[in-house]
Amino acid sequence: MSNTDKKNPPQLARKVFEWWCKKADIEDLLGDIDEYFQYNLEKKGLQTARFIYFRQVLSLSFSYAIRKRKKSASYSNYYQENHLAMINNYFKIAVRNFSKHKLFTLINILGLAMGMSICLLSLGVSVAIYQSDEFHTRKEHIHQVNTYLADDSGDKTYASTFNAVGDYMEDKYPFIEHSIKIKSGFYPEFVHQGNLMNYHGYFVDEAFFEAFDFKLIHGNPNAALATPFSLVLTKSVAETLYKDVNPIGKTLETESGRFTVTGVMEDLKQTHFYFEVLTSHETYVQIKPDTDLDTDWTNFRNNYVYLLLKPGTQTETLQEALAQVSAHAAEFNPELTIELSSIRLDQVVPRWNISNAVGIGWDQPSMLFFLSIGLLILLPAVFNYTNLSIARALTRAKEIGIRKVVGAENGQIKVQFLVETVLLTFLALVGALFIFVPLRNEFLEMVRAAEVLDTSLNFDLVATFVLFTFAVGLFSGIFPALFFSRLNPVKTLKGNGFSQSGGVSGIKKGLFVFQFFLSLVFVIGAVSIARQYAYVFNNNHGFTSNNVLTVPFQEINKQVAINELEDHPDVKSVTASSNLPGIYLPGTVDLTPNESDTIDARQVFIGDDFIENFDIELVWGESKSLSTSTQNVEFVLVNEQFMQAVKVFNIQKDSLTFTLADGTKCRIAGIMKDFNFEPLSEYINPLIFRHSLAESNYALLTINSTDIKTTISELEAIWQSIDQEARFESAFLDNEIDRAYYFLKAQIKIFSYLSAFAITISCLGLLGMVTFTTENRTKEIAIRKIMGANSQNLYYLLTKDFVRLIMISVMIAVPFSYAFYDMVFLHFLLHYGPGLGILEIVVSTIFLFFLGFVSIYGQTSRIAGANPARNLRYE
Amino acid sequence: MKGYLGEFEELVLLTIANLGEEAYGVALLRDINERTRRNISIGAMHSTLTRLEEKGYLISHLGEPTNERGGRRKRYFELTSPGIAGLNEMKSLRDELWANTKVKLSV
C-alpha cells in the first residue's frame, strides 16, 4: 500500500475538527475516519474519499458523541453547569474593578463616550438613509428606471432616464399600473407681499400621490396634480406663505404663469425626494411649449420615471421589458450603448455610484467617509483603553494568578475581561448619547436636506447602537483579554511576570504619537479655517463693505427712494445694484466680441456712484460715462478677467466693443482691477457692470452714523413716506456677506468639534499613562528625593518621555498639515484665501503642549511634592 | 430496564456481538452499511454507541496502538450483561409477536 500512503485525508478538515473538539479525547474517532478514508480511497477514488471524509467530519462535529466527550473533558471541580452564577460573578468583579479604579474608569468612559458620539452620529445618519422610503406601502411594486450609458469617452449610470420611457412602457406593458414621470428643475419665484420667494420642486405626474404615501393635509390627492399650473406646497412652505389661512385655491404669480394651490402635504421625512413645491407634469409642457417631452428619447437628464407594477409581477418580467425598451431607445441614440435597469423604491438611496440622482442622492462613499471620520476619533479612545488596561497589569496580575491557581480556564479569564470591557463601553454609550443629541441637532442644521432624515431614536437605530457598542467593547477588550489570559500564574504570583519598569513600550509610543498627531492636525484645521473666516472680513474682496446698508427696492419708485434717502444727514451716499457684492451671482450671459465666437460672463447692473462708494479700482478708463449710454451703444465696465477672455479672439480688431446675446452693442468705458465680486470660494470670472437703475434690486446706502438704530428707524420713516406698501428690510452688507460664508462657519464648527474630541481623548490617555507610571514609580521618586533630587529634576524625570512623544507627533503633524491644508484643503475651500500661516501652526502647537502639561501637571506635582518618608513606608 | 431498544440500537448491539473481538468503529460501520445497504455516517453511529454506553448496554476500551491508522488506537466495544439481556428481551418480544400473528406472514 505504499502508493496509498501518500494520499492523505484532507489536513484542513482534520485540523478544524481537532480545534473544534478542543480537549476532548478523539483519538479513536480520528482513527476511524482515517481508516474509512483509506477504505473509500481504494474503492471509490481520491475525490470521493475526500468528499466522504469531509462529510464524516461534519457529521461527527455535530454528533452527540462529540458533545458528550467535550463535556466530560471539560469537567473539573470548579466548572459547573451553572453559567448564570458565573456571569453574575463576572459582572460583580467588573463593577468592583470599576469602583476600585475610579480615575481609570472615568478616563475610559469619557474617552470612549466622546469617540463613540461621532460614530453614533454617522451611524444614525446612515441608518436613516438606509431606511429611506421604507414607509411607502407599495414600495415593493415601485421601481425607478435607471439608465446605463456608454460611449467612446466612458460610461455612467444615471438615476434619470428618457422622459418618453414612462408613457411608452405604460402603453405597451399591461403589468405596469402607472408610470410616474418626474422632472426636476421646477424653480418658481413667487411674488408674495412684495417679496420674491424662491422655491425648488418637481414637475410630477398625476399618479404621484397614488403611488407614494405622501399625505395631503389639505386638498384631494387624486386631483391635486391633474391640471396645469396646479401647485402642491409642503407644510412649512404653506406656513410661511399663508399663516393661519387655508391655502387651497389661492393663486401665486410667477414669471411663467399663475399657479393655483391645490394641496398642502406633510413635510418630507425619510425619503430620497427633496422638494418644497410640486406642480403637475403638464405644467412643464405649458411653460416650454417648444419641447415635446412625450417623444423625447434623447435627453436623459433630470427626467425620472417610476413604474408602479401590478401586484404579483415578477422582476424578470420587468427586466425583459426594460431590455426591449433599451433596444427601442438605442434606435434614437445610435452612438450610445443604452441599458435600462430598475431599482426598487426602498433601495434608491444610498447607491454607490449614480449620476443625476433625484434629490440629495445620498451615496455610500460619503457615508463611509463620515463613518471613517468617526472611527478616526474613536480609535484613539480604544487604544487608550487597551493601553491603560494592559498598563494596569501590575496591579491585576495577582488577581489573575489567584484565579488561575484556583482553576480558572484561559477562556474564563478572557470572558471576564470582555465582560468588563463591554460593560464599560455600554456605560460609555450612555455618555455618548448625551453628546449625540446636541451634536445631531447641530448636524441637522448644518447639512443641506438633513431635516428630511429621521434620526430620532427608533428601534433600528437603538439596535444598531447596541450592536456597535458591543463590537467596540469586544474590540477594545480583546487585547487585554488575550494578554491577561496568557499570564503564567506562577510567575505573576512571585511578582516577576513582566518587567517592573514603568516605561512605555514601542507600540504604545506609536499609538501616543498617532493620537497627538491627529489632535494637532484637527486643531490646525480649526484654527486655519477660522483664519480664512477672519480674512474674508478684512476687506479682501477688493471692495469696501463696511457701513453699507442694503435695502431691497421691492416695488418702490427707485429714483425717488434714492433721492429721498440721500437727503438724510447720516447717509453719505446712495447707489443701487442688481446683486449684492460678496454674494454668489446667478447665471451667466453670452456675448460675442467678434460676431462669431461667444464667451460667457457674469453681469451686474449698477446705479450711479457704485464704483466710488465701493472703492473699486480701475486700471484703465473711467466710470462716469456709464450713464451717458445711447440707444446705439451702451457703455460698460469690465474686469481684467474679461479682457483676458476676449484677448483670445480679437487680435487686430477694436477690442473695446462687444455684442450681448440680445443684440445690445456695448463699449468698454473702463477696466476694473480683478476683485472678488462673488465669495472667495469662487474663481474670478469675466464680469460686466452695466448701468441701469431699472434693473437694480437693492439700494446700497453708505452710512456714517453714531447711533445706527435711530438712523435706521429714520430711514424707515422716509421709506414709508414714499410708499406705504413697500416694506423696509434693511441689512448690513457685511452681515449678508457673512451669510454667504456659512459653509466656512460650518467647517469651523466641524473642525472644532473634531479637535475638541481628539484632544480630550489624547489628553485623557496621557493623564492615564502618567498616573500609572507615577504610581509605579512612587518609591523610586521618594528615594530620589531623599537622595537630594529637587522638584525640578523630578518633573523633568516624570515628564520627559511624554514631552518627547508629543514633540515627535508635532514634527510629523506640522509638515502633514502644511501639505494637506495649504496645498489641498484650504485652496479647495477658498480659492483666494490666505492659506495656512506659520502663526496658526505655532498657536496650535503651543495649545497642544499647554493642554498636555495641564493634564499631567496634577499627577506629577502630587507625587513630586509628596512626603518621601510616607511613600517609602507604605507597605 | 426502562424502555425497549431502538431498531438501530438493536442493530448495533447485534453487530457488536457478530464481530466479537473485532468490534470497533469502522468495522461496525462497514458491516452495518453492507448488510443493510444504508449509508450511516460515523457521527450517527458514534452517537448511538455513546448513548448505549451511557445506558450501560456496552462498554468500550482502547486497544493497543498499531501501525495502522497512523498509530492511533482503536476503541473496541463489548456487550455487557444488561446489553445481552436487552437483546434477549427484544428477541422474545418479537418471537411472541410472530407466534401469535393472525395473518400469514411468511412470504
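A: In this predicted model, helix α13 (residues 364–391) of chain A packs against helix α16 (residues 459–485) of chain A at an angle of about 25°, and their axes are 9 Å apart. Helices (H or I, at least four residues) and strands (E, at least two) are DSSP runs, numbered from the N terminus. The axes are lines fitted to C-alpha atoms, for helices over the stretch in contact, and angles run from 0 to 180 degrees between N-to-C directions. The angle therefore makes α13(A) roughly parallel to α16(A); angles under 35 degrees count as roughly parallel, over 145 as roughly antiparallel, 65 to 115 as roughly perpendicular and the rest as oblique.

The crossing of α13(A) past α16(A) is right-handed. A crossing is right-handed if the near helix is turned clockwise from the far one by less than a right angle, and left-handed if anticlockwise. On the α13(A) side, the contact is made by A:V382, A:Y385, A:T386, A:S389 and A:I390. On the α16(A) side are A:V472, A:F475, A:S476, A:F479, A:P480 and A:F483. Two residues are in contact if their C-beta atoms, placed from the backbone, lie within 7 Å. By class, the residues of this contact are 8 nonpolar, 3 polar and no charged. Ala, Val, Leu, Ile, Met, Phe, Trp, Tyr, Cys and Pro count as nonpolar, Asp, Glu, Lys and Arg as charged, and the others, Gly among them, as polar.

Now the surroundings. Chain A is divided into domain 1 (2–74), domain 2 (87–132 + 364–500), domain 3 (139–347) and domain 4 (548–736), with bounds from an automatic or database domain assignment. Between the C-alpha centres of domain 2 and domain 4 of chain A there are 59 Å.

Chain A also meets chain B: 20 residues of chain B are in contact with 19 residues of chain A. On the side of chain B that touches chain A, α3(B) gives the largest share, 8 residues. That side of chain B has 6 nonpolar, 7 polar and 7 charged residues. Chain B itself has 4 helices and 2 strands, in the order α-α-α-β-β-α from the N terminus on.

Residues are numbered from 1 along each chain as its sequence is written, while chains are lettered from A and ligands numbered from 1 in the order in which they are written. Local features need pLDDT of at least 70, side-chain atom pairs count only at pLDDT 80 or more, and totals for chains, interfaces and linings use all residues.
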